[in-house]
Amino acid sequence: MKRITVQLGLMILFALVLLSCKSGDTTGLNANQEIKSMTFNIRYGSADDGSNSWQFRKNYVFETVRNNSPEILGVQEALKFQIDELLENLPEYNFVGVGRDDGIEKGEFSAILFNKQRFIVDSSGTFWFSDTPKIPGSKTWGNNFTRICSWAVLFDKFFQKKLLVCNLHLDHESQISREKSSVQLVKFTKDFVGRIPVLVMGDFNCGYNNETIKTLLNNGFIDTYRKLNEISPNEGTFNGFEGTDTGEKIDFIFSNRFFETKSATIVKKSFSGMYPSDHFPVTAKVEYTK
């Protein structure tokens with residue numbers, strides 16, 4: 001009789017847990033409705049960087065992600081085999097994104113990784129920064145390399161909300177390309193910015209005072225890092241594998257007004273003197289405002 005009572009109690013407890021999950025009860029999960037996000041240019045895995053090549057530093061990339069545990073992670077310069085290795089070593093994530101060269105697997109991804117326990121994909125896609133944004137591999141604004149933005153509308157199972165996430169890598173040479181890309185990005189996000197929470201992240205290859213960034217700031221976006229941090233001579237995010245932080249901050253996470261920034265950092269941690277990438281990752285913890 002005692003064994004039956006215990007079994008019955010366990011069954012009732014299990015049923016209550018299932019019911020709370022279905023009803024959106026997040027007690028003990030994330031009561032403050034916060035999301036931890038990160039943008040991270042992980043450097044091409046095919047680049048011959050000598051002792052800084054992918055095979056020598058990839059475990060430090062994995063460890064950096066583990067240490068910061070972002071629930072949404074935007075990676076740039078990621079090739080398909082690097083994404084495969086990220087998912088193998090960080091099985092709590094799933095991803096959306098395509099290769100920029102063919103719209104499938106060839107070339108750099110601007111992939112969005114997300115915690116699959118918390119989020120599911122409502123819709124997703126990629127557009128090319130060009131006059132023909134639906135044509136894979138297209139480039140028409142003076143940039144020598146193809147540039148893309150991958151996006152996903154994610155459904156937050158914990159809080160029964162939808163949010164838009166965009167991840168991009170703008171051109172490192174052409175200012176015209178960067179400016180036109182930011183205008184195209186604003187046009188794409190326009191229908192979302194006033195309705196649901198939005199995060200835009202990536203390697204913008206330009207600093208805070210560039211017209212590219214001003215376009216976003218003038219169209220409903222907030223720089224999560226600058227929201228909480230004053231301008232500093234030591235906020236450069238391209239480190240060249242040497243830890244240099246005196247350049248411009250070129251990696252950003254932007255939000256719209258449906259998020260409040262709770263914390264924002266530049267992660268400068270090295271591992272026995274080795275940096276996981278030639279960029280420092282940038283993090284932002286944001287909270288739903290409603």
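Start at Trp-54, which counts as buried at 3% relative accessibility. The model is a predicted one. Buried here means under 20% relative accessible area, so Trp-54 at 3% falls under that mark. Phe-62 is buried too, with a relative accessible area of 1%.

Trp-54 and Phe-62 form an aromatic pair. Their centres are 6.2 Å apart. Their planes stand at 85 degrees. That makes the pair edge-to-face, because planes over 60 degrees apart count as such.

Next, turn to Phe-159 and Tyr-288. These two rings also form an edge-to-face pair, at 6.2 Å centre to centre. Here the angle between the planes is 70 degrees. Where do Phe-159 and Tyr-288 lie? Phe-159 is in the loop between β6 (148–156) and β7 (161–169). Tyr-288 belongs to strand β12 (residues 282–288).

How many aromatic pairs does the structure hold? There are 13. Some rings join into a group. Ring pairs link Phe-127, Phe-129, Trp-151, Phe-188 and Phe-192 into a cluster.

Rings also meet charges. The charged end of Lys-249 sits over the ring of Phe-252, 4.0 Å from the ring centre. Lys-269 places its charged end over the ring of Phe-271. In that case the distance to the ring centre is 5.1 Å.

How values were computed
Residues numbered from 1 in each chain as written. Predicted model: local features only at pLDDT ≥ 70, side-chain atom pairs only at ≥ 80, totals over all residues. Heavy atoms only, no water. Phe/Tyr/Trp six-rings, centres within 6.5 Å; stacked < 30°, edge-to-face > 60°. Buried < 20%, exposed > 50% of the residue type's maximum accessible area, 1.4 Å probe, protein only. Helix = DSSP H or I, 4+ residues; strand = E, 2+ residues; numbered from the N terminus. Lys NZ or Arg CZ within 6 Å of the ring centre and 35° of its normal.
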